[in-house]
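Hi,

Here is the structure I promised to pass on. Have a look at it first, and then read my notes below.

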Amino acid sequence: MPDGAPDEPHVLDPIEASLVERAREGDAKAFGELVTMHQAAAFRVGYVLTGSAADAEDAAQEGFVRAYLALDRFRAGSAFRPWLLTIVGNEARNRRRARGRRDGLAERAIAAVRGGGARSTAGGSVTGSVAGDAVVASP
């Protein structure tokens, strides 16, 4: 890679910097161009962290929304890509943790249904029929 290439972490891409500044001033089209520039990298980060294409897409989309809402906190003169990918990575980790909790809950509910009885939980007890309803209603 030649010296001064935009992919080097210490060199700011002037086009990206201009788009960020315009987006900070409320230009939605400029932010759309930033999304186009970084959507593939955002998806890759999400996929590596979640192992799921659907969760990666959701993490990337939510990351872009969160980044847009936080543009006023973006430090001018900093590289946008690492900041954005940190937000996407945090969202992907949150989704992976939530999926683990949902999967664990579903497994406990199925076990309760198969066992046919009530199972004690931290919040009280769950009867087989309630657990079965929880499994049917889970995403």
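Which residue caps the N-terminal end of α2? In this predicted model, that residue is D27, which places a side-chain oxygen 3.0 Å from the backbone nitrogen of K29.

Helix α2 itself runs over residues 28-50. If its 23 residues formed a straight helix, they would span 33 Å at 1.5 Å a residue, yet the end C-alpha atoms of α2 span only 29 Å. There is also a bend in α2 of about 55 degrees, located at H38. H38 is one of the buried residues of this helix, which also include A30, F31, L34, V35 and A42. Just after α2 comes G51, with a positive phi of about 75 degrees.

Next, helix α3, residues 53-69. Its 17 residues should span 24 Å at 1.5 Å a residue, and the end C-alpha atoms are 24 Å apart, so the two values agree. The buried residues here are D55, A56, A59, A60, G63, F64 and A67.

F64 of α3 deserves a click in your viewer. Buried or exposed? F64 counts as buried because its relative accessibility is 7%, and the cut-off for buried is under 20%. Leaving aside neighbours within four places in sequence, F64 is in contact with F31, L34, V35, H38, Q39, A42 and L84. H38, where α2 bends, is therefore one of the residues that F64 touches, and buried F64 has 7% relative accessibility.

Best wishes

Note on methods: Residues are numbered from 1 along each chain as its sequence is written. This is a predicted model: local features need pLDDT of at least 70, side-chain atom pairs count only at pLDDT 80 or more; totals for chains, interfaces and linings use all residues. Side-chain values use heavy atoms; hydrogens and water are left out. Helices (H or I, at least four residues) and strands (E, at least two) are DSSP runs, numbered from the N terminus. The expected span of a helix is 1.5 Å times one less than its number of residues. The bend at a residue is the angle between axes fitted to the seven residues ending there and the seven starting there. Buried means under 20% relative accessible area, exposed over 50%, partly exposed in between (1.4 Å probe, protein chains only). A polar contact is a pair of N or O atoms within 3.5 Å; within protein, one must be able to donate a hydrogen and the other to accept it, and residues adjacent in sequence count only if both atoms are side-chain atoms. Contact means heavy atoms within 4.5 Å.
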